[in-house]
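Visitor: Please give me a close look at a single part of this model. Start with the words I need, then show me how the part sits in the rest.

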Amino acid sequence: MLLKLVHANVCYIDTKLHTCSQYFVTLIDDCNQKLWASVLKTNDQVLLVFKDFQARVEREIGWKLKAI
């Protein structure tokens with residue numbers, strides 16, 4: 001079942017990209033292994049990215065996220 005379980009990882013990038021981003025977050029659906037990724041300037045942006053991800057995928061798929 002899509003969105004039953006989503007895995008999230010926040011990773012630090014040792015070298016700065018041209019966008020000055022130092023982190024990236026990955027979100028992976030356990031059912032179909034679909035991957036979403038976002039780059040972040042600071043790790044305190046994770047919650048904002050997650051809320052945006054949750055709203056977007058729930059609207060697109062029509063199901064609610066069950067667990068992360």
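Guide: Helices (H or I, at least four residues) and strands (E, at least two) are DSSP runs, numbered from the N terminus. This is a predicted model, in which local features need pLDDT of at least 70 and side-chain atom pairs count only at pLDDT 80 or more, while totals for chains, interfaces and linings use all residues. Residues are numbered from 1 along each chain as its sequence is written, and side-chain values use heavy atoms, with hydrogens and water left out.

First, the setting. The chain has 1 helix and 3 strands. From the N terminus on, their order is β-β-β-α. The C-alpha trace spans about 35 × 20 × 15 Å along its principal axes. Of the 68 residues, 25% count as buried. Buried means under 20% relative accessible area, exposed means over 50%, and partly exposed lies in between (1.4 Å probe, protein chains only).

Now the close look, at Leu65. Leu65 lies in the segment after H1. Leu65 counts as buried because its relative accessibility is 14%. What does Leu65 touch, not counting residues up to four places away in sequence? Its partners are Leu3, Val6, Phe50, Gln54 and Glu58. Contact here means heavy atoms within 4.5 Å.

Leu65 is also one of the 8 residues of the largest nonpolar core. Such a core is a set of buried Ala, Val, Leu, Ile, Met, Phe, Trp, Tyr and Cys residues joined through side-chain atoms within 4.5 Å. With Leu65, the members are Leu3, Val6, Leu27, Trp36, Phe50, Phe53 and Val57. Helix H1, residues 46–61, gives the most to this core, with 3 residues.

Follow Leu65 to Glu58, one of its contacts. Glu58 has 15% relative accessibility, so it counts as buried. Glu58 forms a salt bridge with Lys64, and their closest N and O atoms are 3.8 Å apart. A salt bridge puts a side-chain nitrogen of Lys or Arg within 4 Å of a carboxyl oxygen of Asp or Glu. Lys64 itself is exposed, because its relative accessible area is 58%.

Another one links Asp52 and Arg56, with 3.6 Å between the closest N and O atoms. Both lie in helix H1, 4 residues apart, or about one turn of the helix. Asp52 is partly exposed, at 47% relative accessible area. Arg56 is partly exposed too, at 29%.

The C-alpha atoms of Leu65 and Leu2 are 63 residues apart along the chain and separated by 8.2 Å. Leu2 and Lys66 are 64 residues apart in sequence, with 9.3 Å between their C-alpha atoms. Leu2 sits in the segment before strand E1 (6–12). Is Leu2 buried, exposed or partly exposed? It counts as partly exposed, because its relative accessibility is 24%. Leaving out residues up to four places away in sequence, Leu2 touches Asp29, Cys31, Asn32, Ile61 and Trp63.

Ile61 belongs to helix H1. At 32% relative accessibility, Ile61 is partly exposed. Met1, Ile61 and Trp63 make a nonpolar surface patch of about 310 Å². Patches use residues with over 30% relative accessible area and no salt bridge; like charges are joined within 9 Å, nonpolar side chains (Val, Leu, Ile, Met, Phe, Trp, Tyr) within 5 Å. Areas come from the Shrake-Rupley method with a 1.4 Å probe; for residues, only the protein chains shown count as cover. The chain exposes about 4900 Å², with 56% supplied by carbon and sulfur atoms.

Strand E2 (residues 23–29) and strand E3 (residues 35–40) pair in the antiparallel sense over 6 bridges. Strands pair if DSSP finds at least two bridges between them. Val25 has Ser38 in E3 as its bridge partner. The hairpin has 5 residues between the strands, and Gln33 takes a positive phi near 60° there. Thr26 lies in strand E2. Thr26 counts as buried, because its relative accessibility is 12%. Among its contacts beyond four places in sequence are His7, Ala8 and Trp36.
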